[in-house]
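User: Could you take a close look at one part of this model for me? I'd like to know what surrounds it and how it is held in place.

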Amino acid sequence: MDIKPSRLFGDKNERGRRHVTNMVCSFWLRGRCNRNPCRFLHQELPQNTHYQISNQFRKNCWQRNPDSDLKSASSLTSLDRSSGSTTPKHSSASNQSHRNNRERTLYSDHKGEWDSTNLRCSSSPTSAGSSSGTGITQKVIGERVCKYWLHGNCVEADKCQYLHSWFKGHGVFKLAELNGHIKAISGIVLPSGSEKLYTASRDGYLRVWDCHTGQCDGVVNLGGEIGSLISAGPWVFAGIKDVVKAWNIESCANLSLDGPVGQIYAMVVDHDLLFAGAQNGTIYAWKANKETNAFEPATTLGGHNGAVVSLTVGGGRQYSSSMDNTIRVWDLNTLQCIHTLKEHASVVMSLGCWGPYLISCSLDQTIKVWFATEDSNLEVTYTHNEEHGVLALFGMFDSEGKPILLCSCNDNFVRLYELPSFTERARIFAKEEVRVIQIGPGGLFFIGDGTGQVDVWKWQAEPTSLAS
């Protein structure tokens, strides 16, 4: 039989005739052309050859500031502020007078309260194409990260209508990426006095990272999906289905705390009590025994009708949130529920304490600020609305003493807000949803996304924790 030679090996003149010399292949521009040869150009026109591909990620190494003191575990898991912290500045007044009678006034230097009028004025959205005055200029369409840039093949460079960056704003920069997990991150901790960072994932593995090199030093297979991870002093706690695993990084003690039913989604430590919120809606408590270096079952706290997804402590109270859309307030002296808050319309995903205020976020696309009334009840003093469900929040002070709230939404963004005005300071973009945010020493903070990647970010000047 006759075999026809491939056109690829045709003569030079024949190949040249197949090209339309003044048109660039649109499929080639997007990296999807499979024609060989193609009758359109697979190169830029001479006058357009100045395109540049954005820089790739930084090297996987980061340094820890040896002079920074780590805070206690309770301060790392809440937004508590002490009397020695810098007081946030009072934002400018607004002429908007129609407010809900239940709302109180914003935190000011004089009254120490939450002025919701100023919050409304300061948190007004920035229109597209304008500058917010905080260094954020919206010059892209849709504020999305370019999917071709993600794969390293976008040729539009500065002309691309999408972002070629993981960050928008000012004040922070991405220091490193920690890769190794293959499922969503469920916990990040940096134990007090340790040179190691611990990360947990739904892939069932606990990874240990060197703080100086950013390299993974060890991997522990816990045999099941990890729902949460915290640390307290030398102890590291990992919650998995029906059990809490505990390690003492100083004595190398290894414990299994049985009793919970279902996955453990949240944990918190207050003094010598460890609390773990389980899938069945119950909070389990263990008391530390210093003589035996162990934890003994103390009590159980019941009341939620859905899985407990967040726990925090502050002001002698413990706060728990659940998939039943409620927040329960527990007296830490009596371990009794004293209030049930029902203002959210969907799952309350995360909680934090800031002085006399409780801050909560929910899939109902709101962040609520709660304040105690004269009769010790909690009521909403301000509601900040988002366009997407809010998944996690954490707080810290910046170098100027301004409190900053980091909150992640299910649009894959992490927003940095100045408190109490909720003015957007910056925005971080992730590959998938971010459900874990943690802070470290020397201006470091960490975010873990749904792909299993942990990003290390750093403030350009060293901030402090809101709990310090």
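Predicted model: local features only at pLDDT ≥ 70, side-chain atom pairs only at ≥ 80, totals over all residues.

Analyst: Gln-263 sits in the loop between β14 (254-258) and β15 (264-270). Is Gln-263 buried or exposed? Its relative accessible area is 6%, and since buried means under 20%, Gln-263 counts as buried.

For another buried spot, have a look at strand β29 (residues 413-418): six of its six residues are buried, so the strand is largely enclosed by the rest of the structure. Phe-413, Arg-415 and Tyr-417 lie on one side, with Val-414, Leu-416 and Glu-418 on the other, and both faces are covered.

β29 also has strand partners. Strand β28 (residues 403-409) runs antiparallel to β29, joined by five bridges, and Ile-404 stands opposite Glu-418. Three residues lie between the strands in that hairpin, where Asn-412 has a positive phi near 75°. Six bridges then link β29 to β30 (residues 423-429), again antiparallel, with Glu-424 as the bridge partner of Tyr-417. The hairpin of β29 and β30 has four residues between the strands, and here Phe-422 takes a positive phi near 60°.

Conventions: Residues numbered from 1 in each chain as written. Heavy atoms only, no water. Buried < 20%, exposed > 50% of the residue type's maximum accessible area, 1.4 Å probe, protein only. Helix = DSSP H or I, 4+ residues; strand = E, 2+ residues; numbered from the N terminus. Pairing = 2+ DSSP bridges.
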